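Biologist: I am new to this structure. Please walk me through how to read it.

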Amino acid sequence: MNRTVILAAGNGTRMKSQTPKVLHKAAGRTLVEWVVSAAEEAFPGKPIVIYGAGGDAVPKSLGDRCEYALQAERKGSGHAVMMAEDLLRGSDYTVILAGDMPLVRGESIRMLADEAEKGGFDALLLTGISENATGYGRIVRDAAGNVCGIVEEKDASPEQKKIKEVNVSFYCFRTQALLEALGELTPNNAQGEYYLTDCIDILYKKGKKTGGIVLADLEEGEGVNHRAHLARVTAILRSRINERIMLGGATLIDPANTYIDADVTVGQDSVIYPGVILEGNTKIGAGCTLYQGSRIKDSVVEDGAAVQNSVVLESRVGAGAQVGPYAYIRPGTSIGEHCRIGDFVET
């Protein structure tokens, strides 16, 4: 049995928000929910989420999808994982991820664990190559190519700062080896914290097998630190969603200006014009036409219907119906098949 630990206890001060960083939304899901969904795709069983900042806001948001461990005092990433030790005992491998990495894919989590198991690694991590490595921890390898340590930028020497291979906070440990290394962590660094990254150094010095796999695309390991990062990852997620919708047989006239949330479905041969916003648990049937300027949230639009420059909230639009332009369909409305709701009508 393999487990996933998601680190979601930080304050995220650079977001300049009263909301915990991992609860900011990108393409219809919170940042941490994207990571949880990837973990659920990778392994059966519930992911373990470490929470702290914002009180119980994170557990309330995610509900019973996860198991939880509280990090009451934030003393670093290693300290965070220590809070989950009891939940990890008995598992084979543990994959550890940051809760602000919404671009991570379930297939990558599964691949990392599979490679660790096949290669007999005690620690295996995903890394990236960055021409501008500012802000990243640097990967240090020995002459044989084994990862012998990760140096945080604040602790790195001028020579180490020239290393282009960087840590993306994506780790897989043999669980027993992880638990042993956590017991030996000390806060002897510039931040006075327990670094999870020091577990690599500890295991390497014990003669354990430690390695790294370079991500072909560093994008997947990109975290969110501030609002500009949030906008960037949101754009990438929306591009993925729009590609899925188009590959499913729908037409997006201008994908870059079409905003579709993660849980929306769109049927074949539907046509969506620029400026359309589809939110929440919306279901668009086959052969529909959604004209520019329409916003539809948590609603069902059945086959062949058309919505033009209108707002539809928590409602049903029957097959072949026409809505708008400039109609406001309030929550709870059910529009019958082939009905017409004309311009400037509110229901």
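Biologist: In what order do the strands of the open sheet of 5 strands stand?

Modeller: First, the ground rules. This is a predicted model, where local features need pLDDT of at least 70 and side-chain atom pairs count only at pLDDT 80 or more, while totals for chains, interfaces and linings use all residues. Residues are numbered from 1 along each chain as its sequence is written, and side-chain values use heavy atoms, with hydrogens and water left out.

Modeller: Now the general idea. Strands of a sheet pair through backbone hydrogen bonds, either parallel or antiparallel. Two strands count as paired if DSSP finds at least two bridges between them. Helices (H or I, at least four residues) and strands (E, at least two) are DSSP runs, numbered from the N terminus. In this case the order is β14-β17-β20-β23-β26, and the pairing is parallel.

Biologist: Which strands stand at the edges of that sheet?

Modeller: They are β14 (265–266) and β26 (334–335). Each has a single partner strand, so one side of each is left without a neighbour in the sheet.

Biologist: What is the strand order in the open sheet of 6 strands?

Modeller: That order is β12-β15-β18-β21-β24-β27, with parallel pairing. Its edge strands are β12 (251–252) and β27 (340–341), and each pairs on one side only. Inside the sheet, β15 (residues 271–272) and β18 (residues 289–290) run parallel over 2 bridges. Val-271 has Thr-289 of β18 as its bridge partner.

Biologist: How many helices and strands does the chain have?

Modeller: It has 8 helices and 27 strands. The C-alpha trace spans about 75 × 40 × 35 Å along its principal axes.

Biologist: How do I read burial, and what share of the residues counts as buried?

Modeller: Buried means under 20% relative accessible area, exposed means over 50%, and partly exposed lies in between (1.4 Å probe, protein chains only). Of the 347 residues here, 50% count as buried.

Biologist: Is Gly-99 buried or exposed?

Modeller: Gly-99 is buried, because its relative accessible area is 0%. It sits in the loop between β6 (93–98) and α5 (106–119). Next, look at contacts, meaning heavy atoms within 4.5 Å. Beyond its neighbours within four places in sequence, Gly-99 has contacts that include Ile-6, Val-22 and Val-35. Glu-33 is 66 residues away along the chain, yet the C-alpha atoms of Gly-99 and Glu-33 are 8.2 Å apart.

Biologist: Where does Thr-175 lie, and in which helix?

Modeller: Thr-175 lies in helix α6 (residues 175–182). This residue is buried, at a relative accessible area of 2%. Leaving out residues up to four places away in sequence, Thr-175 touches Leu-88, Ser-91, Asp-92, Tyr-93 and Thr-94.

Biologist: What is the relative accessible area of Arg-330?

Modeller: For Arg-330 the value is 40%, so this residue is partly exposed. Arg-330 is placed in the loop between β25 (328–329) and β26. Arg-330 and Glu-346 are 16 residues apart in sequence, and their C-alpha atoms are 7.3 Å apart in space.

Biologist: Across the chain, what share of contacts with a separation of 6 or more joins residues 24 or more positions apart?

Modeller: That share is 46%.
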